[in-house]
Amino acid sequence: SSDMSNGSVIYETTDQSIVEYTKGSVEEGQIKYYFLGVKDAWGLQSLSEIKEGNSYTKFMTQYGGSNHQEGYSVIQTSDGGYVVTGYGGHNLWLVKTDSKGIVERNNNFDNGSEQAKGYESQETDDGGYIVAGYNWAYSNAVGNFAWILKTTPELWEEWNKTLAPNDDRGRAHSVQQTSDGGYIVAGYFEESSDDESLFIYKTDASGDKEWYKYFRGDYPNVQQHFDSGYRVIQSSDGGYVVAGVAGNDAWLIKTDSNGETEFDKTYGGSNDENIYDVQETNGGYVLVGTEKTTSGGHYYNAYVVITNSSGDMVIEKTYGGEHDDDFQSVVQTSDGGFTMVGYTKSYGSHSDKDLWIMKIDANGNEEWSRVIGSNDDLDQQAYCIKQTSDGGYIISGTTSSVDAGLNLLLIKTDPSGRVIIE
C-alpha cells in the first residue's frame, strides 16, 4: 500500500556524495513504495512525494558446450519468455526460455544438409515462429542456400522453403510476417561465384513465392558486385525497407508493397561502411553498423545514421575509440532515443571483444554506455537487442567459453542497461 504510516527507514547517510541506493531482497514483480527525506544542519526536514518502485528481472546466462553456438537474434514472446535464434553445432538452433532465461525447450534443424544457420525469427500470428537463415544443400547442388522455416509454438517444424531463383545460392538474413499474413525476406543471392545481389522475396502464408526483386549497388567500373541485405521491415505505409551494404557503402532501400523502388540511398564516403539493422522511427529511419576510421588506423568505429521519411540523412555519427567497435542492432526507446548493442575493443579489455550497450538521445548524443566482459579474458559480442515489456532490454550474442568453444549468450538488463551476474 502507498500508506507510509507504518513504513520504516531503509537507508540513511550524512555523505552528500551518495546519489544512488539499491534496495535488495525485492521479489520479481513486487512493488515497494518509498519517499526521500532531507534534513539540514538546523533540523529542518523536507520530504519528497511518495514514489512507486519496481524490481526488474536481470540475468546473464549462456547455453551450449564445447561446440560452436551463437545467438543472432532474440524476441520476447507473448508469454513473457524469449526465443533465441542462431547456430548450434552445425544446425539452425532455436531456444525457448521463460522470463528468467531458464530453458523450456529447444530444437535443431538442418533440412538434411551438412550445415544450417538461423539469423532472425519472429513470433507469428498463430503463436509459432518464422525463421530466416540458410542451409548447405539444395537439390543436387552444394553451397549456401537462402532458407525460411516455420515452426509451431512448441518449436516443431511445420514447413520449410529454400529460396533459390535460378538455383542461385545465397543467404536469408532477415524475415518478418507481413500484414497480409505472408512473409518478407531479405539477404543476398549469388548470381555467379563473384557476384552477389541484395534481394527481397515476398511469400504467402505457406512460404510460397509471390514475387522477388534483385538490387545491385551503383558503383561503376567495378566488375564484381558484393551487395547484401541484413534487415528488412514492413513500413507503416505497407511497403518495405531493407538495409545492408552496396559494395563498401551503407545502403537503404524503400519499396512499395509490390517491391517497386521508392528510394535507394547510400551513406558514407570513401570509407568502408556496413549497415546491419534498421528501424522505423516517428519521422524516418535509424540505421546502425560500422565505419572504417579516417584517422590513420585500420580499425572500425560504431556507426549511426538517422534519416527522414525520404531516406535523406539528418544525423550521421560514429562512436568508439582507437580499436574496433561496432553496433549490430538498435531499438528505439519510449523517450525517442535509441539503444544499440555490439562489441567494443576500445573501452573494455582492449585485447578481447567486450559486449557493448549504448543509449543515445534522438539527436545522437550519448546518454549512457555499458561494457560487459571487461574483467575476463573471454570474447563477448552482442548481435541483437529488443526492449522488453518492463522497459528493460533482452540481448543475444555469443561468448567464448572455458571449453574453448563459443556459447550462445542471453542477457536481460534493467532500463539503464545494468545486469546482475549471479
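Visitor: Buried means under 20% relative accessible area, exposed means over 50%, and partly exposed is in between. So how does Tyr214 count, buried or partly exposed?

Guide: This is a predicted model, and in it Tyr214 has a relative accessibility of 25%, so Tyr214 counts as partly exposed.

Visitor: And Phe189, buried or exposed?

Guide: Phe189 comes out at 0% relative accessibility, so Phe189 counts as buried.

Visitor: What about the rings of Phe189 and Tyr214, how are they set?

Guide: Their centres are 5.4 Å apart and the planes meet at 40°, so this is a tilted pair. Stacked would need planes under 30 degrees apart, and edge-to-face over 60.

Visitor: Where do those two sit in the chain?

Guide: Phe189 belongs to strand β15 (residues 183-192) and Tyr214 to strand β17 (residues 209-215). The pair links distant parts of the chain, 25 residues apart.

Visitor: How many aromatic pairs does a search of the whole structure find?

Guide: The search turns up 15 aromatic pairs. Another tilted one is Tyr72 with Tyr383, because the ring centres are 4.9 Å apart and the planes are at 50°.

Visitor: What does that pair tie together?

Guide: Tyr72 is in strand β6 (residues 69-76) and Tyr383 is in strand β30, so the pair ties together parts that are 311 residues apart in sequence. With a relative accessibility of 12%, Tyr72 counts as buried. Tyr383 is buried too, at 14%.

Visitor: You mentioned β18. What sheet is β18 part of?

Guide: An open sheet of four strands, in the order β18-β19-β20-β21, with antiparallel pairing. β18 and β21 (261-267) are at the edges with a single partner strand each, so one side of each has no neighbour in the sheet. On average, neighbouring strands are turned by 20° against each other, direction ignored.

Visitor: How many bridges join β18 to β19?

Guide: Seven bridges join β18 to β19 (residues 240-246), and the two run antiparallel. As an example, Gly229 has Gly244 in β19 as its bridge partner.

Visitor: Last topic, backbone angles. Which residue other than glycine has a positive phi?

Guide: Leu155 is one, with phi near 75°. Leu155 lies in the loop between β12 (141-151) and β13 (157-163), and at 0% relative accessibility Leu155 counts as buried. Asp167 also has a positive phi, near 60°, and its place is in the loop between β13 and β14.

Technical notes. Residues are numbered from 1 along each chain as its sequence is written. This is a predicted model: local features need pLDDT of at least 70, side-chain atom pairs count only at pLDDT 80 or more; totals for chains, interfaces and linings use all residues. Side-chain values use heavy atoms; hydrogens and water are left out. Two strands pair if DSSP finds at least two bridges between them. Axes are lines fitted to C-alpha atoms, for helices over the stretch in contact, and angles run from 0 to 180 degrees between N-to-C directions. Rings of Phe, Tyr and Trp (its six-membered ring) pair if their centres lie within 6.5 Å; planes under 30 degrees apart count as stacked, over 60 as edge-to-face and the rest as tilted. Buried means under 20% relative accessible area, exposed over 50%, partly exposed in between (1.4 Å probe, protein chains only).
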